[in-house]
Amino acid sequence: LDVKRLYNAYAKLTPRYKVSVSQARHICDKEEVLDAINSNLKSMESNSNDEHDDNDNGTIILDTRGSSYAKGHMPSAIHLPYAQLVDPNNSLILKPTSEIKQMLDDRGVDYLNPNKKLILTCGSGVSVCHGYLALRQLGREMSNENTRIYDGSWTEWREYPDLPKVTSS
């Protein structure tokens, strides 16, 4: 089996549809994430309270990756591993709302405030779905503006040397 040949043939296929970020609901791009990070960093500098200052103007960035978060992530991102949101025996089932609520409360995430903007990110835009569904299950009022998914996620972010990163040494 020639996997490389099959992959190259598959990669050349033209998608049946294309969706731009401006057409997609709840999807944001790296520029929107960068704006949120810059705003958060300015707020942290001026307040110098907590690492994740949860003021009304800040955007909360939730990173749902697993252990790869420790190797590198976006500044001001809060780690919320998707595996902690789901039943350990079936990743298609979310944990009880009380457990998810406690995880978010422990991280200082004001998930019920519809005026608080949340951006969800992960490694490649897949595990953010667990976070998004968990927020819906908890009763977050979703709008196109207040709950965003960065589908490029860390896979895209790490490829740009000029974007800020927190990495382990």
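What is the relative accessible area of E31, and is this residue buried, exposed or partly exposed? E31 has a relative accessible area of 42%, so it is partly exposed. The legends below describe close-up views of a predicted model.

**View 1. E31 pairs with K30 in a salt bridge.** The side chains meet with N and O 3.1 Å apart. The two partners sit in unlike surroundings. K30 is buried, at 16% relative accessibility. E31 is partly exposed, at 42%. Buried means under 20% relative accessible area, so K30 with its 16% falls in that class.

**View 2. E32 and K117 form a salt bridge.** Their closest N and O atoms are 2.7 Å apart. E32 is part of helix α2, residues 30-47, while K117 belongs to strand β7, residues 117-121. The pair therefore ties together parts that are 85 residues apart in sequence. E32 is buried, with a relative accessible area of 18%. K117 is partly exposed, at 24%.

**View 3. Salt bridges link E32, K117 and R148 in a network.** The contact between E32 and K117 from the previous view belongs here. R148 is also a member of this network. Why can such pairs form? Side chains of opposite charge can pair when their charged atoms come close.

View 4. E159 is exposed, at 53% relative accessibility. R158 is partly exposed, with a relative accessible area of 44%.

**Overall count.** The model holds six salt bridges.

How values were computed. Residues are numbered from 1 along each chain as its sequence is written. This is a predicted model: local features need pLDDT of at least 70, side-chain atom pairs count only at pLDDT 80 or more; totals for chains, interfaces and linings use all residues. Side-chain values use heavy atoms; hydrogens and water are left out. A salt bridge is a side-chain nitrogen of Lys or Arg within 4 Å of a carboxyl oxygen of Asp or Glu. Buried means under 20% relative accessible area, exposed over 50%, partly exposed in between (1.4 Å probe, protein chains only). Helices (H or I, at least four residues) and strands (E, at least two) are DSSP runs, numbered from the N terminus.
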